[in-house]
Amino acid sequence: MNNTTSEITLRADGITKTYPSGSGTIRVLNQINLELSHGDFVTISGPSGCGKSTLLMVLGALQEPDDGILEYNGVSPYNLSAKDRAQFRSTNIGFVFQDFNLVPYLTVRENILCPGIVNISKDWETRCAELIESLGLSDRASHYPDQLSSGEKQRTALARALLVEPAIIFADEPTGNLDQDNGKRVLDHLTSYADSGATVMMATHDRDAFDTGNKHLQMDNGSILKLISE
Ligand SMILES: Nc1ncnc2c1ncn2[C@@H]1O[C@H](COP(=O)(O)OP(=O)(O)OP(=O)(O)O)[C@@H](O)[C@H]1O
Ligand SMILES: [Mg+2]
């Protein structure tokens, strides 16, 4: 874990998000309140379209809400300039997108190393090599995204999110395209990452994945229906 960021906790208060829809708007997040501490591994489930990805993007400082407060240990990322917010994200937040968002003209290895360009203080090559090995990508490291299976792309996206050891990881259905063994490998990775003191928040449709972690959040229609803490 990155020493400068390991204390970060997240507080969301009254988060509301609407999108344009036809001539009006639809409310996709409705008064979301949440507090996360380091070490929390939170799973989110709910029907398709209920707002899981939108919630992860709003909490991940990628999508500004219409209303509400988001704070990381007192820092409100949406009050920062776009440049400072990008710097804040690159240091503190890892994001595994539902549709991967890999750079098509970079290899697996280069995609994983991308966040290290912003944080150039460490030898990321070693960490990159460890992630490639532990996520079973060794024989794919020099391949380009269009030469990969969906599961390989997904594991590359996870490795990229883990490279700089961010204080919080948002993972949007990171086991959605994986067979049982690789799904377990990803969940084990995220579990040990949370155990090391980070915070992990994962959206999933998979029942076994939902049961992972220590907090389980059920969403419907933009609201949190139930939050179960173990
Ligand atoms: N950029 C956008 N503009 C307009 N509507 C959007 C936009 N992004 C998402 N939506 C709508 O917001 C709602 C919530 O979408 P979201 O992607 O958060 O759902 P989800 O719970 O992640 O679904 P899934 O399980 O299918 O991934 C959906 O009705 C979707 O169509
Ligand atoms: Mg989604």
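## Contacts around ligand 1

In this structure, a predicted model, an oxygen atom of ligand 1 sits 2.6 Å from an N or O atom in the side chain of Thr-54. Taken alone, ligand 1 would expose 640 Å², and the protein buries 62% of that.

Now look at the shell as a whole. There are 14 residues around ligand 1, and the closest are Ser-48, Gly-49, Lys-52, Thr-54 and His-205. The elements that give two or more residues to this shell are β1 (10-21) and α1 (52-59). Of the elements, α1 gives the most, with three residues.

Next, find helix α6, which runs over residues 180-195. Its 16 residues reach 22 Å from the first C-alpha to the last, close to the 22 Å expected at 1.5 Å a residue. Which residues of α6 are buried? They are Asn-182, Gly-183, Val-186, Leu-187, His-189, Leu-190, Tyr-193 and Ala-194. Seen down the helix axis, these buried residues fall within an arc of 155°, so they line one face of α6.

The face turned away from the buried side carries the exposed residues Gln-180, Asp-181, Lys-184 and Asp-195. And what covers the buried residues? The cover includes the strands β3 (41-45), β6 (168-172) and β7 (199-203), together with the helices α4 (124-134), α5 (150-162) and α7 (207-210).

Have a look at the two ends of α6 as well. At its start, a side-chain oxygen of Asp-179 reaches to within 3.2 Å of the backbone nitrogen of Asp-181. After the helix comes Gly-197, whose phi is positive, near 115°.

## Two residues with a positive phi

Most residues other than glycine have a negative phi. With that in mind, here are two residues to look up in the model. Ala-61 is not a glycine, yet its phi is positive, at about 65°. You will find Ala-61 in the loop between α1 and β4 (67-72). Is Ala-61 buried or exposed? Its relative accessible area is 0%, so Ala-61 is buried.

Glu-165 is the other one: it is not a glycine either, and its phi is positive, at about 50°. This residue is found in the loop between α5 and β6.

## Thr-204 in its loop

Finally, turn to the loop between β7 and α7, where Thr-204 has its place. Thr-204 counts as buried, because its relative accessibility is 3%. Which backbone nitrogen does the side chain of Thr-204 reach? It is that of Asp-206, at 2.9 Å.

Thr-204 also touches residues from other parts of the sequence. Leaving aside its neighbours within four places, Thr-204 is in contact with Ile-44, Ser-45, Glu-173, Thr-175, Ala-209 and Phe-210.

Definitions and conventions. Residues numbered from 1 in each chain as written. Chains lettered and ligands numbered in written order. Predicted model: local features only at pLDDT ≥ 70, side-chain atom pairs only at ≥ 80, totals over all residues. Heavy atoms only, no water. Helix = DSSP H or I, 4+ residues; strand = E, 2+ residues; numbered from the N terminus. Expected span 1.5 Å × (residues − 1). Buried < 20%, exposed > 50% of the residue type's maximum accessible area, 1.4 Å probe, protein only. Arc of directions from axis to C-beta. Contact = heavy atoms within 4.5 Å. Polar contact = N/O pair within 3.5 Å; in protein donor to acceptor, adjacent residues only side chain to side chain. Near = heavy atom within 4 Å. Areas by Shrake-Rupley, 256 points an atom, 1.4 Å probe, with all protein chains shown as cover.
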